[in-house]
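Entries are in the order I made them.

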Amino acid sequence: MLLSKSNFILQLLISSSLLFLCPDCQASTHQHKFVVKEATHTRLCSTKKILTVNGKFPGPTLRVHQGDTIYVNVHNKGNSNITLHWHGVKQPGNPWSDGPEYVTQCPIKKGGTFNQKIIFSTEEGTIWWHAHSDWSRATVHGAIIVYPKHGNSYPFPKPHIEVPIILGEWWKEDVRQVLKRFVKSGGEPNISDALTINGQPGDLYPCSKSETFNLIVDQNQTYLLRIINAAMNTILFFKIAKHELTVVGSDGSYTKPLTTNYIAIAPGQTIDALLLTNQNPNFYYMAARAYSTGLNVSFDNTTTTAILSYKRKNDTAFSTSPLMPSLPYYNDTKSAFNFITSLRSLNNQPSSVPLNITTQLISTVSINTFPCSNQNVTCEGPNGTRLSASMNNISFVNPHIDVLEAYYYHINGVYKRNFPNYPPFVFNFTDEYLPLELETPKRGTKVKVLNYGSNVEVVFQGTNLVAGIDHPMHLHGFSFYVVGYGFGNFEEEKNILGYNLIDPPLLNTVIVPINGWTTIRFVATNPGVWFMHCHIERHLTWGMETVFIVKNGKSADAKLLPPPPDMPPC
């Protein structure tokens, strides 16, 4: 039974007493301090103030071991409200520190603090943290490296050096103004002015050559690249000239080794890849550029670069400029999904994949439009409309207090529990021409309630409403098995025959292909309130999201933890 606000302190005291009696019952605990503040940074020949953590861009890297618990004391010294999310951390029973604004907490106000408890469990590999309010995550983000438990080793040879590679986007303008303008206009946001690798645009942009990220390597060594796509709106191809990568992990979970000469990585996703420096000593570009399939959808078509620099041996002659890789073309769906569908979980035990599904959810993921509400101004969406997005025809509306607080304290009127299990309208979702009346969704704060322990299957069905495009869908609080992909309309009797139930990849963010579908499965054993949304930021702003509420189980470790005493007030 959920606790009232007046007596949760008693449970905190009991929990603290038990921990005192058994100090070795938990893994290591560490304390970190994140100061959110403005800092001045120069890119593309111009200087501006950006929101950062501890003045750094990208922000500090957190290093932990599997099963650790850490506390991050967040002090907001910035000029706007903020929340922080620990992307890929399951936070068992502890959604209070998960971070999405008005879903699990109200924002940390200017001058406020929040000591966030981050509970690591089964994650191992590369994940990341980022702001989860407005568009602050453009500059407020960083890597989380989860090492194996003390005494354990990687399931691959130990690399010589490990290097975070954070892919991102940069606007010359304040991103908060970009957000404000497109929300007001009803149109698309301005595209970024540059893509970045570790915060730097690279040689191909003006005023950027001297600051290009440069990775200096020894010949014939193995480097572990911990690659994160922190871009706001762009799926990316990434490649290193004349080198192969061996993928060994994704989204905080190990994979079977996959040797490839490029990767496709969506916003929110991470890839762990081994790089063997087996080429002649020289300079080589690592490069990233967009994968974008939407017809008439604007995107940043520039290319960001960093340099792989071999140490010179004797009088080795180097080329005057680095060698450039040949990246797949922008709309090369075949190359993108050849890579994406090749990932396999390291786990070969089919029993870990849910088989007897007790809860099935089939949800459309669509771009939509609303009529322009301002009679005196023409909105900038198609035919003078206002762009929006939806899941199962529901465009999510943030409530005035967070869903988690409303659930925990039984506050009525904040959300409704009737998110539909199936699309309310069934049509040829991927048809080239669709009636305009299908484009308008309903607004609402609707959630899906799951029983503890239920075996859940979610089928994401892309549609061609307004603009068919790929959607990277992210689920907080869980990793899930990706058992199937396909193009066109999902046909259950036919498509389930092709499901991979042996070694599907275990991810927390998955791409739904343009005008296609993706099926995921997970077991609902994490009680609490968990956000599910498209990780393309403009789609999130438009409403492509919903919330799962997982009920408590029967055992003590299957119940939602009480809230911390310093939750930011609404």
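Predicted model: local features only at pLDDT ≥ 70, side-chain atom pairs only at ≥ 80, totals over all residues.

Residues are numbered from 1 along each chain as its sequence is written, and side-chain values use heavy atoms, with hydrogens and water left out.

I looked for disulfides, meaning pairs of cysteine sulfur atoms within 2.5 Å. I found three by this rule.

**Cys45 and Cys207.** I read an S to S distance of 1.9 Å here. The S-S torsion is about 95°, so this disulfide is right-handed. Cys45 sits in the loop between strands S1 (29–43) and S2 (46–53), and Cys207 in the loop between S10 (194–197) and S11 (214–217), so the pair ties together parts 162 residues apart in sequence. Strands here are DSSP runs (E, at least two residues), numbered from the N terminus. For accessibility I used relative area: buried is under 20%, exposed over 50%, partly exposed in between (1.4 Å probe, protein chains only). Cys45 is partly exposed at 46%, and Cys207 is exposed at 56%.

**Cys106 and Cys570.** I read 1.9 Å from S to S. The torsion is about 90°, so this disulfide is right-handed. Cys106 lies in the loop between S5 (84–87) and S6 (113–119) and Cys570 in the segment after S32 (545–550), so parts 464 residues apart in sequence are tied together. Cys106 is buried at 1%; Cys570 is partly exposed at 45%.

**Cys372 and Cys379.** I read 2.0 Å from S to S. The torsion is about 70°, so this disulfide is right-handed. Both cysteines are buried.

Notes. Helix = DSSP H or I, 4+ residues; strand = E, 2+ residues; numbered from the N terminus.
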